[in-house]
Amino acid sequence: MTSRIPRDSRLRLVGPRSLSAAPRAVNQRRPRRAAPRPPEGTPAPAELARMARSQLAAAARVARWADAALGPGSDGATADGKATLADATAERAARDLGLTVTQVRADWDTARLAGLVEVHGDSARPGWRLRAWNRDDSAVLRGWVALFDAWSLAHGEPADHEPAAVAEVVSAMPQVLSFLQLSAGPVPVDQLLDLLVQRVTELRTERCEIPYGPQPEPVEQPPALDAPLAPLLDWALHALASVGALTYGGGQATLTPLGSWAVWVKLEQICVAAQSPAGNIEVAADEMLRGCAQLRPNAARAEYRAWLAARPVGSAVTELIAAARGDDALLRGLAFEALRVVGAPAEPDVRAVADEPTLRPYALLWLAEHDGVDPEDAHEVLTREEATWLWVDTAAAVADHGEAPMLVRHLESAVQPTVPLLLEEVRAVGHPRTVQVLVALAAAHPDPALAKAVRRAAFQVHTGGS
């Protein structure tokens, strides 16, 4: 969870194939390896999910309230289109739920960071994790991991410290968490502070650039720490405690079972495996697509063909498009892969949804390929904004269902030539999963400088700042 990779915030320009193949990239797995076992004493997944449900219970309650009270035909959830609850809405929720307005806003914020609520313009709708809350332990755990990744957003930055120092501490905390995980018990805060100081010093050393060519003058040493880090460590530990990752008190910090498991997952660079239902041919489209998510492309296409052969084409296409309209970005990409197997009979239905913002990039690529455009050139039918929206949607699928290195590699499929330009256009495109995608990318990327920029963009989107 540390890096010695040279700093370079530029994106490599890649061929157009990267974008046109983006929805398919989620399926391209490395050769399987035996899944490592979690450390001894780690609770079973069902018990971890119970803990996560308990930790997110208040957020889920507000999300369900929003689903019932702010659904289609009701007043909008937000006043400014920035996912901030309108005053009247927050007061109404507080009355209905028997909470204070402050509690409602905090729980709403948590629900957004955990993916239980998604905001589209001035209206909110439940995320796919909330829909799967009672039946899918992996969805619950992914929601908690999303909150864990966003711990610095869940507990606001201290106002009396330089943003650069805060960013350094956030970048250094993965090593502190790794030490806590390996210690498997309480660790004195003084010991954690020593480790934090050491890691921040390393980060500053790594940022020192050595000029190219002759160097008559000695290289300038990294600046000494000019502000005590103890208050920032205190903030970070309180923030991580607020999301349920650790307990903090009495001069000691201890990872909770959830926190220990999450850090181990990060260290092993694996994701919580989504369950693959048996009997794909006879199940509904969304379940079939979920089952195919773990298959290689050729095997998945064979499964699509078998599924399509078992039902009328018209109803099959209707089911696939309904699955694509859902909140799970992975299923959206896979649904259009299955529609490619359908071919010409699906054209009227695909053309009919080309004006729906959520489906438009996928539909335009499908139609271009159907009309004979080379798949490597199909991306040219997309506007820059549509291509960026597709990049974020695909990143959401990778964040939800892929491995951390895959999310880092997904940077290469962006059409923007630099990271700052990508972040600017990602913020402008208004995808409902923008914050979660940026937080996940910042948590996954090994380059602290790039991760800092991405994390800052996530914070700005989250707060509606600039």
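**Fold, salt bridges and local surroundings**

The protein chain contains 24 helices and five strands (DSSP runs, H or I of at least four residues for helices and E of at least two for strands, numbered from the N terminus). This is a predicted model, in which local features need pLDDT of at least 70 and side-chain atom pairs count only at pLDDT 80 or more, while totals for chains, interfaces and linings use all residues. Residues are numbered from 1 along each chain as its sequence is written, and side-chain values use heavy atoms, with hydrogens and water left out.

Of the 466 residues in the protein chain, 50% are buried (under 20% relative accessible area, with exposed over 50% and partly exposed in between; 1.4 Å probe, protein chains only). Among contacts (heavy atoms within 4.5 Å) with a separation of 6 or more, 70% join residues 24 or more positions apart.

Turning to charged pairs, the count comes to 17 salt bridges (a side-chain nitrogen of Lys or Arg within 4 Å of a carboxyl oxygen of Asp or Glu). One of these joins Arg332 to Asp393, at 2.8 Å from N to O. The pair links distant parts of the chain, with Arg332 in helix H17 (residues 329–342) and Asp393 in helix H20, 61 residues apart. Both partners are buried: Arg332 has a relative accessible area of 4%, and Asp393 one of 0%.

Arg112 is buried, at 11% relative accessibility. Elsewhere, Arg129, Asp400 and Arg433 are linked in a network of salt bridges.

What, then, surrounds His410, and which residues does it touch? His410 sits in the loop between helix H21 (404–409) and helix H22 (419–429) and is buried, with a relative accessible area of 7%. Leaving aside residues up to four places away in sequence, His410 touches Trp391, Thr394 and Ala395. Thr394 is 16 residues from His410 in sequence, with a C-alpha to C-alpha distance of 8.5 Å.
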